[in-house]
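Here is a friendly walk through one protein model, written for someone who likes to know which residue touches which. Please keep the structure open while you read.

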Amino acid sequence: MWFLRPRANWMMDRDTSPRVFETGIPNLDRVLGGGIPARQSIIVTGEPGCGKTILCSQIAFHAAARGAPAVVVTVTSEPHDKLVQSLSGFSFFKRELLGGAFFLVSAYASLKKGAKEARDVLLRTVRERGAKLLFIDGLRSIRDLWQDEAMLREFLYELGIGLAAMDCIGLFTTEYGLDKLMALPEATTVDGILAVGVQRRGGRRLRRLEVIKLRGQPHLTGEHLLRIDAGGVLIIPRLEVQALPEPDFLPPPHRAGFGLPELDALMEGGLPSTSTTLLAGSIGIGKTLLATHFVAEGARRGEKTLFASFFEPPAVLFERARRVGLDVSGALKSGALTMLHLPPSEQEADAIVYRVLGEVDRLGAQRLVVDGLTELELSVQDLERRRIFLASFSAHLRSRGVTALFTKEVSKISGAELDFSDTPIALLAENVLLLRYVELRGRIHRILSILKMRDSKYDGNLREFEINDSGIRVLAPLRSAVGLLTGQARPLGTSIGGEEQ
């Protein structure tokens, strides 16, 4: 899969790569380039409520549960049970570890005495507990208590040296904004900085994580989605910064057909394997039904197939298909076809694609339909990002050997305007199929056209199609009229402006 799962060991120790401390947070190690480099100290900064304490506590519990004791230090006079209570609702919380591998310490009294006393107490505790992680929750409180820049700098410097000598990781949280933190001595004293922030988008608050600094280890740049649920923190890296392996094989020559002989013949047997296709059409014209033909044919051929829909739940969608003779219940029961419902919500694009690619990997899917491309496009908040995001999505699918079909509703039912300039996938897709209504001799017709098939032969004739009791049926080419593609057809032989056509 394109994300990394936590591994059982908390360290890697190989001749060819540095040791790293594994965080246990899904995909955070991926963002960090493998984990926290051994013997380093990291500051996690961000405004109150952004998830710093949960993130660091989750790392500490993960370490403790795997035999790497963690010392967790509070710096205020508040009792420990308040922190314990706030963490107890998460699945990573393990009460049986408290007082043992997860050891809570209050440093308030020693901090009031001075930097040397506090440092000695903390290092002695780490040594006595055999700890591999020291988490101090609240550097800003220490700064406010001491009001002495030099004292804080010396404390962090000597604490870092002491932790490194004992092969222990340091995690410190602070509540300063990133710009202010970078001007403080803490920023230069520690080895790494993680910034956790909250962005407001309308009525939503979106959490982000960014690696600002990490010594001696390549990491994924930019901001990444951070989510908090009952399991704790989950990081979803930006799709476009995920490295893909260089393809060392040519796509297989076989075609991914629709199981409609007349349509497949127009495309030399179907869509080219591992290609990306845009299926655009007017509302109600049959895009979803044609996409259902595509997945049904894949399942019939024994290809694992995934149908992701933003609109209709599986029961509604496939019952509608059954009424026109396309029954996929057998494929669903056998597992050859899987339905993924993604109801319109405030989900972000990275979270949506994370889920889709996760299902693709779980199933080993060879075909994918995304029914409702507009919803995915709108979930990419940054307009300038949409093109590169969708290009990355296509590349990830191609690298997995998936033949993908995206459906998109065009804005007009009929008319001369045909513009895909607001649809990045239309430019990125190797293939574009258009379904459209046209009015001819007082009757509405459905027509189908292949607008583009990259590096492949295809029949560009306009074809009428109908929906009957057996699904979709593609008819003979329409040669008795012009202007069909615009939706404003004119029978041959009519005159415009005094000239016969």
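The sections below cover the basis of the model, a sheet, a strand, a helix pair and some aromatic rings.

## How to read the model

This is a predicted model, in which local features need pLDDT of at least 70, side-chain atom pairs count only at pLDDT 80 or more, and totals for chains, interfaces and linings use all residues. Residues are numbered from 1 along each chain as its sequence is written, and side-chain values use heavy atoms, with hydrogens and water left out.

Helices (H or I, at least four residues) and strands (E, at least two) are DSSP runs, numbered from the N terminus.

## The nine-strand sheet

Nine strands form an open sheet with mixed pairing, in the order β5-β4-β6-β7-β3-β8-β9-β10-β11; two strands pair if DSSP finds at least two bridges between them. The edges belong to β5 (102-106) and β11 (232-236), each with a single partner strand, so one side of each has no neighbour in the sheet. On average, neighbouring strands here are turned by 25° against each other, direction ignored. Angles run from 0 to 180 degrees between N-to-C directions, and axes are lines fitted to C-alpha atoms, for helices over the stretch in contact.

Within this sheet, β3 (residues 41-45) and β8 (residues 192-201) pair in the parallel sense over four bridges, with alanine 195 in β8 as the bridge partner of threonine 45. Helix α6 (residues 139-146) lies across β3, β6 (133-137) and β7 (169-174), at about 70° to β7. Helix α14 (residues 349-363) lies across β10 (223-229) and β11, at about 90° to β11.

## Strand β15, an enclosed strand

Is strand β15 buried or exposed? Five of its five residues (305-309) are buried, so β15 is largely enclosed by the rest of the structure. Buried means under 20% relative accessible area, exposed over 50%, and partly exposed in between (1.4 Å probe, protein chains only). Thr305, Phe307 and Ser309 are buried on one side, and Leu306 and Ala308 are buried on the other.

β15 pairs in the parallel sense with β16 (residues 337-341) over five bridges, and also with β17 (residues 367-371) over five bridges. In β16, threonine 338 is the bridge partner of leucine 306, while in β17 arginine 367 stands opposite threonine 305.

## Helices α11 and α12

Helix α11 (residues 287-300) packs against helix α12 (residues 314-323) at an angle of about 85°, with the axes 11 Å apart. That makes the two helices roughly perpendicular, a label for 65 to 115 degrees; angles under 35 count as roughly parallel, over 145 as roughly antiparallel and the rest as oblique.

Thr288, Leu289 and Thr292 in α11 meet Leu317, Phe318 and Ala321 in α12, where contact means heavy atoms within 4.5 Å.

## Aromatic pairs

The structure holds eight aromatic pairs. Rings of Phe, Tyr and Trp (its six-membered ring) pair if their centres lie within 6.5 Å; planes under 30 degrees apart count as stacked, over 60 as edge-to-face and the rest as tilted. Phenylalanine 61 and phenylalanine 92 have ring centres 5.9 Å apart and planes at 50°, so this pair is tilted. Both of these residues are buried.

The rings of phenylalanine 307 and phenylalanine 318 have centres 5.9 Å apart and planes at 75°, so they are edge-to-face. This pair links strand β15 to helix α12, 11 residues apart. Phenylalanine 307 is buried at 0% relative accessible area, and phenylalanine 318 counts as buried at 7%.
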